[in-house]
Amino acid sequence: MLKRALVLGGGGVTGVAWEIGLLHGLAEQGVDLSAADLFVGTSAGSVVAAQLTGGSTVEDLYAHELADTSGDTSATIGTRVLLGFLLASLWPGDRARGRARLGRAALKARTAPESARRAAIASRVRRDEWPAARLLVTAVEARTGEFRAFDNTSGVSLIDAVAASCAVPLVWPPMTVDGRRYVDGGVRSVANVDLARGYERVVVVAPLTAAARRADRPAAQAAALGPGVRTVVISPTDAALTAIGRNPLDPARRGPAARAGQAQAAGEIERVRAVWA
């Protein structure tokens, strides 16, 4: 039996909405990516992966994105945050040291309380039990820069793992998981496609694709999975990027982003079907 993986990358609250819209649009046309054997979730993608594997349907998730514009309207990803990600990715030698430098800066930053962020994530994920499906949730240990992929064998709460994966450094607080504090899994890679190694059919849904190193970009990581692996990488079209807007943390853009994802699915369906079917 062919093993299929769905990789869901980071992209803020608008990334969540666009991913859900795209998945909903593909399902409407007969391709259900929620039947994957492996789910890899990074940041926004970890929210979507946890929702899908927790029993929510893409139809219900899509309707929720259209109806709900709640969120922290003051949160933005500014130049300082982007520069931090850039420096972490370009750090020479041991790249964990670059990630740790950004993580330690995040530990010192004044942000919302951890409890508030965990509650926000819990309101989206809702179920705290790890699913029967194989799910990897990525994060980076703030002090050491160590990369971690949480799963159902890690002995940690699913909501805690997702909250850690979504902890954008300098915007949200590093989150405590099993006594250690973690930042966004996107600090290592915007999608961490390489975790799908060993799977034969891989669909990557990546709201963000930029990386200082070409090898870290989702398309390059997908191509490096090995010979014979069928892959497709989907990122927002220009029209979708306009709908998403400039601030990926703007909850007011959730509806437009979701609709843009749903509309984009029509142009992606044949590429996805060729990999998934």
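Let's start with D68, which forms a salt bridge with R254; their closest N and O atoms are 3.7 Å apart. This pair ties together distant parts of the chain: D68 sits in the loop between α3 and α4 (79-90), while R254 belongs to helix α10 (residues 254-276), 186 residues apart. Keep in mind that this is a predicted model.

Both partners are tucked away from the surface. D68 is buried, with a relative accessible area of 19%, and R254 is buried too, at 2%.

## Its partners in the network

Next up is E65, which makes a salt bridge with R124, with 2.5 Å between the closest N and O atoms. E65 is buried, with a relative accessible area of 1%, and R124 is buried at 17%.

R180 lies in strand β6 (residues 180-184) and E146 in the loop between β3 (134-141) and β4 (147-150), 34 residues apart. R180 is partly exposed, at 29% relative accessible area, and so is E146, at 35%.

Across the whole structure, a search turns up 14 salt bridges.

## Positive charge on the surface

On the surface, R97, R101, R104, K108 and R143 gather in a patch of positive charge. One of them, R104, is found in helix α5 (residues 95-108) and is partly exposed, with a relative accessible area of 39%.

Terms used: Residues are numbered from 1 along each chain as its sequence is written. This is a predicted model: local features need pLDDT of at least 70, side-chain atom pairs count only at pLDDT 80 or more; totals for chains, interfaces and linings use all residues. Side-chain values use heavy atoms; hydrogens and water are left out. Patches are made of residues with over 30% relative accessible area and no salt bridge: like charges are joined within 9 Å, nonpolar side chains (Val, Leu, Ile, Met, Phe, Trp, Tyr) within 5 Å. Accessible areas come from the Shrake-Rupley method with a 1.4 Å probe; for residues, only the protein chains shown count as cover. A salt bridge is a side-chain nitrogen of Lys or Arg within 4 Å of a carboxyl oxygen of Asp or Glu. Lys and Arg count as positive and Asp and Glu as negative; His and the chain ends are not counted. The place of a charge is taken as NZ of Lys, CZ of Arg, CG of Asp or CD of Glu. Helices (H or I, at least four residues) and strands (E, at least two) are DSSP runs, numbered from the N terminus. Buried means under 20% relative accessible area, exposed over 50%, partly exposed in between (1.4 Å probe, protein chains only).
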